[in-house]
Amino acid sequence: MNRKQKLALLEDWYSREMTRLYNYIVFRVTYEEEADDIVAVVCDRSLKRLHQYDPKRGSFSAWMFGIARNVMNDYFRDLARQADDVSLESLPAIQGRGDSPEERLIQAERFQQVILLFEHLSENEREVLGLRYGSDLKYQEIAEVMGISSDNVGVLLHRALGKLRDALNEREAKHELRTVSDF
């Protein structure tokens, strides 16, 4: 595959899949501005390394998400060195789903709480959640991007969701105890 064919492949992938890549990145980072910066780095790296893509080694989508994953790892490594607390107000606006405005607001607030609980997860668990729910990738696609089996993807998702559920229930129980003790 020559460079011209690879550029055409990149252009086609960009028009079809960039939204999924962007959603994955937004799902993983706290600030939309940072997500935009990360997407720009991913695009830049993919152009610079386009000559390295080999269709025999995997799909173009897996290659692009692999680049995104590496950029995200760099981002989180740098972020860990800076380690600031994150407030709910600093999180991007999240649209909840529901029949009424109140239901949508409650769901959006709950989702923001869940994002803050990501600190209870391992890096692989955060990664698999981002790829599954941020990018809507299938288990096999996630396995290809992460270099693990589809079964392992399922196990990681199950454990991550369980940890989030437990942490959220614990947080809500503590909140209920504080509310009751206020009376």
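**Exercise 1. Describe the salt bridge of D74 and place its partners in the chain.**

Step 1. D74 pairs with R77 in a salt bridge, with the closest N and O atoms 3.0 Å apart. The term means a side-chain nitrogen of Lys or Arg within 4 Å of a carboxyl oxygen of Asp or Glu. Side chains of opposite charge can pair when their charged atoms come close.

Step 2. Both residues belong to helix 3 (residues 60-82), three residues apart, about one turn of the helix. Helices here are DSSP runs of H or I with at least four residues, strands are runs of E with at least two, and numbering starts from the N terminus. An α-helix has 3.6 residues a turn, so residues three or four places apart point the same way.

Step 3. D74 is partly exposed, at a relative accessible area of 26%. R77 is also partly exposed, at 44%. The scale is this: buried is under 20% relative accessible area, exposed is over 50%, and partly exposed lies in between (1.4 Å probe, protein chains only).

**A note on the model**

This is a predicted model, in which local features need pLDDT of at least 70 and side-chain atom pairs count only at pLDDT 80 or more, while totals for chains, interfaces and linings use all residues. Residues are numbered from 1 along each chain as its sequence is written, and side-chain values use heavy atoms, with hydrogens and water left out.

**Exercise 2. Work out how helix 5 and helix 6 cross and which residues make the contact.**

Step 1. The axes of helix 5 (residues 123-134) and helix 6 come within 10 Å and cross at roughly 135°. Axes are lines fitted to C-alpha atoms, for helices over the stretch in contact, and angles run from 0 to 180 degrees between N-to-C directions.

Step 2. The two helices are therefore oblique to each other. Under 35 degrees would be roughly parallel, over 145 roughly antiparallel, and 65 to 115 roughly perpendicular; the rest is oblique.

Step 3. List the contact residues (heavy atoms within 4.5 Å). Helix 5 supplies N124, E127, V128, L131 and R132, and helix 6 supplies Y139, I142, V145 and M146.

Step 4. Look at burial in helix 5. Among its buried residues are E127, V128 and L131.

Step 5. Look past the end. D136 follows helix 5 and has a positive phi, near 60°.

**Exercise 3. Summarise the whole chain: what is its secondary structure, and how much of it is buried?**

Step 1. The chain has seven helices and zero strands.

Step 2. Of its 183 residues, 35% are buried.

Step 3. Among contacts between residues at least 6 apart in sequence, 66% join residues at least 24 apart.
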